Structures are given as structure tokens and as C-alpha cells.
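Welcome, and take a moment to look over the model shown here. The report below walks you through a few of its features, one part at a time.

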Amino acid sequence: MTDFQPRERWGTRIGLILAMAGNAVGLGNFLRFPVQAAQNGGGTFMIPYFVSFLVLGIPLMWIEWGIGRYGGRFGHGTVPGMFDALTDGRKKWAKYAGVLGLFMPLVVFIYYTYVVSWMLGFSFFSLTGAYFGLDDVEQMRGFLASYQNLFDSSVHGGWVALVFFLATLSFLGWVLSRGISGGIEKLALIGMPILFLFAFLLAARVLTLPAAEASPMAGLNFIWNPEWSSLTEPRVWLAAAGQMFFTLSLGMGTIHTYASYLSERDDITLTGLSTGATNEFAEVVLGGTIAIPAAVVFFGVEGAQEVARGGPFDLGIVAMGVVFQGLPGPELLARLTGFLWFSLLFIAGITSAVAQASPAISFLQEGFRWRRRQAVRALMLLALAVGMLHVVFYPTGFLDEWDYWAGTFGLVIFAAIEITLFSFVFGIDRGWDELHRGADLRIPAIYKPIMKWVTPVFLYTLLVWWGLTEAVPQLLMEGKDPADVGYLWLSRAVMMILLVAGLVLVRAAWRREEGNRA
Amino acid sequence: MITGEITSFALGFMIVSMASVTLLVVYCYSRILRGGRQLDAEADD
């Protein structure tokens, strides 16, 4: 690829931290974390959670920052080039393995943008009071199901979800086309403080709710009450480790691309830790204090358990939609509270989506010399075309298939490859020195053996466990409705086409570069 | 109003967990602010 090309740069350190935190803080912080905590032992979940943060999250995050900044020094903004650089160009397979760092964020970007657009839609519905009057869970489910189904016009016209999807894509395209400092960094500098403000306001509102079915404190008790027996259950430890991937956006390739816009003299140890800490604050302090406690107040502990079992969208959209309608005070205030919640989720989503889009844009710019605007336009058109499949086929589980292979299992595969390359091929001694280049924080020496042995063992265990318990049944489509199987195969086929296209494009980019050199 | 329906264990876990991440945030940002170091503006690579 291209050596020593002038590359875009972050404008300020706080802008970089907020952009990285924006990448990490997403829907998972406010929807997935409380559900996981409540389903996996309550307070005791936090023990494996913090252990995972210390031995999996933090080391992998530093490694991804390190790989990204190292690759950026050679003009690589994406993982194929970075893996190639880690092996000093001696292992041809490395760049092809790195295609996962292009493919996964692209795939996740496409379906995640569609999901984020729901939050924009529900922000709008909150302001207009469109769902007010549907004050039980079944009615709200029907409202959401009609929105998600292009062919169900019982509540919404099929075009409604499409309009919000187009609006979200257009906004993302506008931000991305303005570049790293002028677009992504500005979005983070404006969006992240608003996100935290909204989260604080909502947490304060939830904690001061009058008891209905239960009190807000009973809601906190539901999340935090320890079940000691769960500490010995492997599934709880693996759930905590899995949550760490989602919450820190690890194993995807987005951190790498953002870090590639740093100079080799810029600190990554303290800056990286700061983004991780910011994310944990959003998750543990704010994420655990809003949705589940609010659901417990209105549905009681058993009702909230049922909601939590229904998954993040049952909690975040259906249950919260009912909650807002039951808030004491004038309806306008209730609508505004709903607007705050869905806007918070929308901001959390778009600051992550711009990160997911960045590797593909960077690859087109650096591999094929495309102008940024040209690359953004191409990506948005692809996201629209492929995203339409999600809009049309959502009720068949089309999106869930992508979410599992690219947004869940694939993350662990990618992380296992990258830590092997970093600790064993590049070498942990060299890697350790690389992480400390320009460092403002000396990483405790204990992390050297952790990065070399503990984190990889943790990752491989997670990979094997998930592979056996989840990936195989998922691959065999166990429990799927036979009527949906054809759509799920189509879903997989589209993913495979994108993966193969990524491999072909990497090969073409390298050939192009070799041709230029010759 | 917040009413007492939380066990002391749960309250303890919650406070310790939230305090830990809050302290980590304070530590990181105070070090960044004290250091006063910005990104490398001279970078030309």
C-alpha cells in the first residue's frame, strides 16, 4: 500500500477520546448491559465483568490502539495493511486475515445503521405522541412490529421505516464526508456531552419515580443483588467476557482505523484507558440506572424479568414506550422524556456507526486513491442497497443472522487472530515498546504476561465455548422457522459475497501498489 | 421517591462498582489535564 502519504489527523486529544468513546458507547451500554447483568447473577455478574475488563478488555484495547497507530505510520488505515506491517510483509496470509477488519465493521455498519434509524423514528414518535394511548406491552409490540415490517401496514405505512433509514444514512454520509477532524471529531465533541446530559437527566428521573408496581430501589436491587451460586457458572463468565467485546467495540477493526490517524509520538496508553473508562462509566453508572429500574417500577420485578428475557428491543423500545406513557405529570413532559431516551440511543448509535464506516472509507482512499467524498458516497450507496434487504426481510431473522456471525462470533475470531499476531509474530517485547512510544502512562508490568498468555487463553476459551454451544446450532439453524430458512441462506450468501469482495479488493489494492512501485 | 427495597449486599455492590469506574474516569482525566499534553501537531508522516 502507500508509504508515508499525508494522512488526516485528529484535531484535539479530547476530540479523539470522545470519538473513541463514541465508538464504544452504543446501544449495548444502555440496552444490552442491564439485560446481561440482570440475567447473569445480578451483582455477582460485576465480578467476572470487571475481571474481563482488566484481563481482556483493557489489554485488547491497548493492543488495538497499538496496532492502529503502528499501521498508520506506514500509511495503513485498515487492518489488512496493519497485519501486513505487523509481520513485516513476510506473511502473505496476514493481509487476507485482516480482511475481517474490513468486512465486519462494514457488515455491522449496514444493519446497525438500520437499527439506529429506529431510534430516530421513535424520537420523532415520542415528540408527536404517536404511540401514546398504546399503554400496554402487547400494543407497543404491535406498534414496533408494524414499523419493522415493510408489509404490515396495520399501524405504519411500509415507507415509514425506510424514510428514517434514509435520513440516518444521509446524516451519516454528511458527517463522514467532512472528514476525521471536521466531521467525526466534531460529532463526538457535540454528541457525547449531549448523550451524557440526557443520560444523567433520565437516570435522575428514574430514581425519583414514585413507586408503582415497585420502587426504583427495587429496580436497582434487581440488577445488583448478588446470586453467589452464579459465580461458579461458566456461562456467566463467558457472558461477561462477551459483553466486554460489545461494550468496548473490540475485535472489529474500528479502533485500529481511528488510532491510525495518530502520530507515533502521540500517547495511546493513557488516552486508550480514558476512552475505556468513559465507556465503563456510561455503562455501569448510567446504563444500569435507566431502563431496568424504570421497567421494574412499572411492571414489577417479574414483569421486568419477562421484558429482559425478550431482549434489548423489548426493553428499550416496547417497555420504555409503555413507561413513558405512565410517567406522572403532563403528557408533554412524558413525550419529552421519551424523546430524551430515544435521542440518547440515536446519538449513542450514530457515534458508533461513523466508526464502523471508517475502515471501508479509509481502505478506498488509501488502496485505490479515492477522494474521501467519493468513498463515502460509494459506501452509502452500498449501505442503502444492501440495507434494503434488512428493511424488506427483517421479520425473517435476516438481520439476526448478520448480528450473530459478524457482530458476535466474528469479533472473537478476529481478536484471537490479532492477539496471536501481536504477541507471538510481532513479538510481545516489540509490542510492549510500541505501546509505550510517547506514552503518558506506564502500563503495569503485570500486563506483559497478561497480554502474552492470559488474554489469548481467555479468548481461545471463549472461541471454543461459543463455537460449541452457539455457533454450531446457529450454523445448523436449529430452532428456526422452516419458512425463514431460505431467507437466512440468502442472508448468509450476501455476507459471503461481501467477504469475498473484500478479499478480491485487498488483492487488487496490493497489486496496484506493487505496480506503482515497479 | 427512593424507598428502601434494596439489600445491603446489592447496595454495596452497586456503590463499589459505580465508585470504581468513577474513580478510574477521574484518575484518567485528571492525569490528562495535569499533563496538559495535546496531540502531536508537528506530525508530518
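Two residues are said to be in contact when their C-beta atoms, placed from the backbone, lie within 7 Å. By that rule, 37 residues of chain A are in contact with 28 residues of chain B. The side of chain B that touches chain A has 16 nonpolar, seven polar and five charged residues; here Ala, Val, Leu, Ile, Met, Phe, Trp, Tyr, Cys and Pro count as nonpolar, Asp, Glu, Lys and Arg as charged, and the others, Gly among them, as polar.

Please keep in mind that this is a predicted model, in which local features need pLDDT of at least 70, side-chain atom pairs count only at pLDDT 80 or more, and totals for chains, interfaces and linings use all residues. Residues are numbered from 1 along each chain as its sequence is written, while chains are lettered from A and ligands numbered from 1 in the order in which they are written. The model scores ipTM 0.92 and pTM 0.96. For chain B the average pLDDT is 84, and 80% of the residues score at least 70; pLDDT is the predictor's confidence in each residue, from 0 to 100. Where pLDDT is low, the predicted coordinates should not be read in detail.

Now to chain A as a whole. Its secondary structure comes to 20 helices and zero strands, where helices (H or I, at least four residues) and strands (E, at least two) are DSSP runs numbered from the N terminus. The radius of gyration of chain A is 22 Å, close to the 24 Å that the globule rule gives for 518 residues, so chain A is as compact as a globular protein of that length. This radius is taken over C-alpha atoms, and the rule is 2.2 Å times the number of residues to the power 0.38. Along the principal axes, the C-alpha atoms of chain A fill a box of roughly 70 × 50 × 45 Å. Of the 518 residues of chain A, 58% are buried; a residue is buried if 20 or more other C-beta atoms lie within 10 Å of its own, exposed if 12 or fewer, and partly exposed in between.

Helix α16(A) has a kink of about 30° at A:Ser358, shortly before the proline A:Pro359. It is mostly covered, with 31 of its 38 residues buried. Helix α17(A) has a kink of about 25° centred on A:Val386. A:Val386 is also one of the buried residues of α17(A), and what covers these buried residues includes α6 (100-128), α8 (159-177), α16, α18 and α20 of chain A.

Finally, the loops. Most residues other than glycine have a negative phi. A:Ser249, however, has a positive phi near 55°; A:Ser249 sits in the loop between α11 (234-248) and α12 (254-259) of chain A. With 28 C-beta neighbours inside 10 Å, A:Ser249 counts as buried. A:Met477 also has a positive phi, of about 55°, but with 16 C-beta neighbours inside 10 Å it counts as partly exposed.

Notes. Bend = angle between axes of the 7 residues up to and from the residue.
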